[in-house]
Amino acid sequence: MTEFTEIRNGRIVTPSGVIEGGRVVVAGERIVRIDRSEGDASGGGTSVDAAGRVVMPGLIDLHGDDIEGQFAPRSGAETDPTAALATTDRMNVLHGVTTKFHALAFEEAPDDGRSLENAARLARTVDRGADTLGDNRVHARCELADASAAAVEELIAEVDVDLVSVMHHAPGDGQYDAESFERHYVEDRNWPVDAAAAAAEERSGMDAASRDRRIARIVELARRVGAPLASHDDECRADVETMADHGTAISEYPLTIDAARRAKELGLATVMGAPNLVRGGSLWDNLSARDAIEAGVLDALCSDYHPASLLAAPFVETGEPLSARVNRVTRNPADVAGLPDRGRIEVGARADLIVVDPSPTPTVERAMVAGSEAIRTGEATATETPPRPVGR
């Protein structure tokens, strides 16, 4: 007889609302029942008392580069990529992220610990990762350089790439002018001044024809692997239109409200960083996530560089129902990534679930991935119950 796990007495967040004192029942990898916590326990297995807790789908992180920091915590201090994945995986699940798209930068930036070779090593490690708690996937960030595209072309023969984005970090393009470009790379990413100057010169010398050709090459890569394609740092309506013409489905980190609005008009999904919302604004004085939410032009949040912010984001008061805020880190990114089986508490959905103590700061007490308990850290109590069939 199938054994069941039930999570009862919590605030169950569904895509359309909250069931107070509700119950979610899991059998195997799937959710089989959602109702109010009334009557006897529902299955021969485990019953988790989530009183005072919020029960949410596991978080879907479309863009998190934290594995790079674990792999190269300082310039020249590289670690074992398998250890970097293991640490990153556990840190993410601890913060409720059950599906992770590791954003790997395919660019030559040795002073920042980034190289085409290191990105490929990490991608292979993520793709082949064993004994991980969460579902770990590859997001290939392709800088507009032929070498970057060539590296990813070689990689896709052996690695599943699940998301592709077009990157172009150059002064005068996107969020950086000459001064802020140097400040970012020298102060924030510890590059030598001469290395930042050399990168600025190299990246600024691209004409429109070369840019379009390189974008088209990356577009073809995404098409070949069947992965969604994202643009990055769209600054204005024209930027969005250009990338939409190339076939992008996602606008990551639009820099202005006009760019975000145009993305929505064209049917693109908009994704911004959760740290922007949690800290109250952009580090670079770009579009505020809160302003984008108030304008109705923000679909999903990602961890960017800080997984804890993705867990905190649904608990930032925006004037919206809790379900809408949770959807922005669960259902919506799942839909953007083409993963309709998760990111929602619905009968038949994959049982990726987290039990969250929301106060004083959101913390995950239990996480379940595909129906199996991944972590247990808090006070939500569990008891064994005698077998009894469960209907829908």
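**Helix packing and the sheets**

Guide: In this predicted model, helices α3 and α4 pack with their axes 10 Å apart and at an angle of about 25°.

Visitor: Are α3 and α4 roughly parallel or roughly antiparallel to each other?
Guide: Angles under 35 degrees count as roughly parallel, and α3 and α4 are therefore roughly parallel to each other.

Visitor: What is the handedness of the crossing where α3 passes α4?
Guide: The crossing is right-handed.

Visitor: Which residues make that contact?
Guide: From α3, the contact uses Leu 116, Ala 120, Ala 123 and Arg 124. From α4, the residues are Ala 147, Ser 148, Ala 151 and Leu 155.

Visitor: Which residues of α4 are buried?
Guide: They are Ser 148, Ala 149, Ala 151, Val 152 and Leu 155.

Visitor: And where do they sit around the axis of α4?
Guide: The buried residues of α4 fall within an arc of 160° when seen down the helix axis, so they line one face of the helix.

Visitor: What do the buried residues of α4 pack against?
Guide: They pack against strands β7 and β8, and against helices α3 (116-128) and α7 (208-225).

Visitor: Changing topic: in what order do the eight strands of the open sheet come?
Guide: The order is β6-β7-β8-β9-β10-β11-β12-β13, with parallel pairing.

Visitor: Which strands stand at the edges?
Guide: The edges are β6 (59-64) and β13 (300-302). Each has a single partner strand, so one side of each lacks a neighbour in the sheet.

Visitor: By how much are neighbouring strands of this sheet turned against each other?
Guide: The average is 25°, with direction ignored.

Visitor: How many bridges are there between β11 and β12?
Guide: Strands β11 (residues 250-252) and β12 (residues 269-273) pair in the parallel sense over three bridges. Within that pairing, Glu 252 has Val 271 in β12 as its bridge partner.

Visitor: Which strands does helix α2 lie across?
Guide: Helix α2 (residues 81-94) lies across β6, β7 (97-106) and β8 (135-143), and runs at about 135° to β7. Helix α4 (residues 146-155) also packs on the sheet, where it touches β7 and β8. The direction of α4 makes about 130° with that of β7.

Visitor: Back to the β11 end. Where is Tyr 253 found?
Guide: Tyr 253 is in the loop between β11 and α9 (257-265).

Visitor: Is Tyr 253 buried or exposed, and why?
Guide: Tyr 253 has a relative accessible area of 11%. Buried means under 20%, so Tyr 253 counts as buried.

Visitor: What does Tyr 253 touch?
Guide: Leaving aside residues up to four places away in sequence, Tyr 253 touches His 63, His 232, Asp 233, Asp 234, Val 271, Met 272, Gly 273, Cys 302 and Asp 304.

Visitor: Now the start of the chain. How many residues of β1 are buried?
Guide: Nine of the eleven residues in strand β1 (residues 4-14) are buried, and the strand is mostly covered.

Visitor: Which strands pair with β1?
Guide: Strand β2 (residues 17-27) pairs with β1 in the antiparallel sense over nine bridges. A hairpin of two residues connects β1 to β2, and Thr 14 stands opposite Gly 17 in β2. Strand β4 (residues 46-49) pairs with β1 in the parallel sense over four bridges, with Thr 5 opposite Thr 46. Strand β5 (residues 54-57) runs parallel to β1 and is joined to it by two bridges; there, Ile 12 has Val 55 as its bridge partner.

Visitor: And Val 32, where is that?
Guide: Val 32 lies in strand β3 (residues 30-36) and is buried, at a relative accessible area of 11%.

Visitor: Finally, what are the overall totals for helices and strands?
Guide: The protein has 14 helices and 17 strands. Of its 392 residues, 57% count as buried. Among contacts between residues at least 6 apart in sequence, 66% join residues at least 24 apart.

Definitions and conventions
Residues numbered from 1 in each chain as written. Predicted model: local features only at pLDDT ≥ 70, side-chain atom pairs only at ≥ 80, totals over all residues. Heavy atoms only, no water. Buried < 20%, exposed > 50% of the residue type's maximum accessible area, 1.4 Å probe, protein only. Pairing = 2+ DSSP bridges. Axes fitted to C-alpha atoms, helices over the stretch in contact; angles between N-to-C directions. Contact = heavy atoms within 4.5 Å. Arc of directions from axis to C-beta. Parallel < 35°, antiparallel > 145°, perpendicular 65-115°, else oblique. Left-handed = near helix turned anticlockwise from the far one by under 90°.
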